[in-house]
Amino acid sequence: MSLFDFKTIAAIATPPGQGGIGVIRISGKDAVSACRLLLKADNGAEFIPNRAVFQLLNNPETGFIIDEAVVTYFKAPNSFTGEDVVEISSHGSPVVLAEILRVLRSTGVDLAQPGEFSMRAFLNQRMDLTQAEAINDLINSQTTYQARLAARQLRGELSRQLQPLKDGLTGLIVHFESTVEFVEDDLDPLDLKIFIARIEGFIETLSIMVESYKVGRIIRNGINLALIGRPNVGKSSIFNALLGKDRAIVTHLPGTTRDTLSEPFSINGIPVNLVDTAGIRETEDIIEQIGVERTRTAITEADFVIGVLDAGTADPVEDLRMFENYPMDLYVINKSDLGVSIRDEFIAALSGRHTVLEVSALKGTGIAQLNDEIYHQLIGARQPGSESAIITNERHCAALEDALAYLRRAKQDLISGFTEEIALDNLHKALKSLGVITGETLIADIINQIFSTFCIGK
Ligand SMILES: Nc1nc2c(ncn2[C@@H]2O[C@H](COP(=O)(O)OP(=O)(O)OP(=O)(O)O)[C@@H](O)[C@H]2O)c(=O)[nH]1
Ligand SMILES: [Mg+2]
């Protein structure tokens with residue numbers, strides 16, 4: 001039996017369109033009886049848990065055969081949702097799948113809402129909230145690195161990391177409560193010292209987790225990377241070289257790129273939206289003016305900005321002046337195959353601010369180093385070890401920050417000699433904030449909001 005008495009739901013769990021196999025998932029106490037209607041009377045085999053059985057599906061209304069399918073039954077509570085679940089793997093035709101769904105609905109089964117299967121799995125305690133969210137992340141992942149992190153979270157890594165923290169904090173609260181109960185006046189200074197030290201320990205662990213979000217956010221959400229510079233320095237050529245394909249038009253004429261152009265790619269597993277821009281200059285050309293305006297917008301939307309210069313410009317005064325107006329991250333001197341004639345004082349001025357790389361988009365030299373440098377600047381020394389969980393979810397990070405703030409307040413309360421009740425209250429609030437991450441302490445609205453971002457059939 002599952003913990004809740006929800007209506008039975010069904011949905012197509014495979015993506016829209018044609019495919020070798022299409023899967024319909026049914027969950028709820030009427031899953032088996034609804035499916036029986038689909039099976040022809042003469043092959044109505046028993047539903048044996050965890051066994052995939054080849055079946056003939058028919059439409060009871062028309063009497064026609066719908067398809068041959070493999071039907072698998074998972075008996076509650078040993079199923080994904082914790083309820084009775086039946087999965088029908090038919091041929092992947094939208095028409096066939098729609099007809100199966102129609103027959104199921106005629107028995108009173110509801111169409112599942114987005115994320116409803118996962119929500120039931122969470123509510124029936126088959127997984128905690130971080131694991132349910134990891135399913136969504138895994139399905140949405142665009143790089144292997146993203147998928148790997150999501151898979152680790154799906155296995156409960158984050159929850160496992162949080163558990164000792166929650167246990168420790170609970171222990172501290174219990175200890176604190178019992179000590180306070182027996183103390184008439186102020187806490188013993190020694191006890192006070194021990195409590196503060198333990199709170200500091202939690203603060204340190206949580207700070208490391210919050211810090212990991214800087215990397216986690218990049219890995220999960222990716223970044224916008226813009227190439228900017230004066231016309232003709234080779235932005236589009238670098239854009240193409242990074243992508244490994246001739247995507248942008250390149251000519252010898254300054255002002256070739258008129259509109260911003262973006263293309264997804266990945267750098268060592270980090271999803272990057274690479275943006276080529278129109279060269280920035282004063283111009284009478286109305287189209288180019290709009291292009292330059294779009295470049296400025298692209299820069300404001302970028303998480304990482306690369307300034308490109310032409311190796312043949314001895315005095316790149318204008319380039320430097322232009323870069324001063326923007327939040328730059330890296331400089332690239334292009335056309336190094338022709339020799340670098342930029343004067344030393346300018347090179348020094350550039351490298352005084354950010355890393356400077358020499359490349360030749362034409363020959364492809366330095367492009368691999370450029371890739372590495374971008375990765376290094378984004379992740380670099382912050383590459384977390386495999387033993388530590390990386391926070392990739394903004395909701396988790398916010399809850400950790402809340403917990404951290406309450407712990408800092410509790411510590412301050414004790415140091416300032418406030419009444420112990422105030423410190424205790426903050427410790428309780430910190431514990432509650434940690435519970436928000438795994439979903440122990442969450443209100444229904446937020447839970448609905450989280451699962452509504454999932455797709456149907458999941
Ligand atoms: N020798 C040499 N020529 C290059 C290199 N990169 C680009 N070029 C040439 O420089 C010219 C301009 O290249 P683009 O990539 O179109 O320059 P851009 O910065 O995008 O120019 P706009 O779109 O006009 O702003 C073309 O003739 C390219 O072939 C390089 O590494 N070496
Ligand atoms: Mg261009």
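This is a predicted model: local features need pLDDT of at least 70, side-chain atom pairs count only at pLDDT 80 or more; totals for chains, interfaces and linings use all residues.

User: How is the chain divided?
Analyst: Into domain 1 (9-114), domain 2 (139-218 + 389-452) and domain 3 (222-382). The bounds come from an automatic or database domain assignment.

User: What separates the centres of domain 2 and domain 3?
Analyst: 42 Å, taken over C-alpha atoms. Their contact takes eight residues from domain 2 and eleven residues from domain 3. Contact means heavy atoms within 4.5 Å.

User: OK, cores. Which residues have the most contacts inside the largest nonpolar core?
Analyst: I238, I306, L370 and I374, in a core of 34 residues. A nonpolar core is a set of buried Ala, Val, Leu, Ile, Met, Phe, Trp, Tyr and Cys residues joined through side-chain atoms within 4.5 Å. Buried means under 20% relative accessible area, exposed over 50%, and partly exposed in between, with a 1.4 Å probe and protein chains only.

User: Which helix gives the most to that core?
Analyst: Helix α12 (residues 367-378), with five residues. Helices (H or I, at least four residues) and strands (E, at least two) are DSSP runs, numbered from the N terminus.

User: And where does the core lie?
Analyst: Domain 2 and domain 3 both give residues to this core, so it lies between them.

User: What is L370 in contact with?
Analyst: Leaving aside neighbours within four places in sequence, L370 is in contact with I238, L242, I306, L330, V332 and L357. There is also a second, separate core of 33 residues, which includes L165, A403, L404 and L434.

User: Switching to the metal. What coordinates the magnesium ion?
Analyst: S236 (OG) and T257 (OG1) coordinate the magnesium ion, ligand 2, at 2.0 Å. Donors are N, O and S atoms within 2.8 Å of the metal (3.2 Å for Na, K and Ca); water is not among the atoms, so sites may look incomplete.

User: Where do S236 and T257 sit in the chain?
Analyst: S236 is in helix α8 (residues 235-243). T257 is in the loop between α8 and β8 (261-267), and the two are 21 residues apart.

User: Is S236 buried or exposed? What about T257, buried or exposed?
Analyst: S236 is buried, at 8% relative accessible area. T257 is buried too, at 14%.

User: And ligand 1? Which residues come nearest?
Analyst: K235, S237, G255, T257 and D337, of the 23 residues around ligand 1. A residue is near if one of its heavy atoms lies within 4 Å.

User: Which polar contacts does ligand 1 have?
Analyst: Among them, an oxygen atom of ligand 1 is 2.8 Å from an N or O atom in the K235 side chain. An oxygen is also 2.8 Å from a polar backbone atom of T256, and an oxygen is 3.1 Å from a polar backbone atom of L362. A polar contact is a pair of N or O atoms within 3.5 Å; within protein, one must be able to donate a hydrogen and the other to accept it, and residues adjacent in sequence count only if both atoms are side-chain atoms.

User: New topic. Where is T313?
Analyst: T313 is in the loop between β10 (304-310) and α10 (317-324). T313 is partly exposed, at 24% relative accessible area. Beyond four places in sequence, T313 is in contact with S341 and I342.

User: Last one: where does D329 lie?
Analyst: D329 lies in the loop between α10 and β11 (330-334), and counts as partly exposed at 21% relative accessibility. A polar atom of the D329 side chain lies 2.7 Å from the backbone nitrogen of V305.

Definitions and conventions
Residues are numbered from 1 along each chain as its sequence is written. Chains are lettered from A and ligands numbered from 1 in the order in which they are written. Side-chain values use heavy atoms; hydrogens and water are left out.
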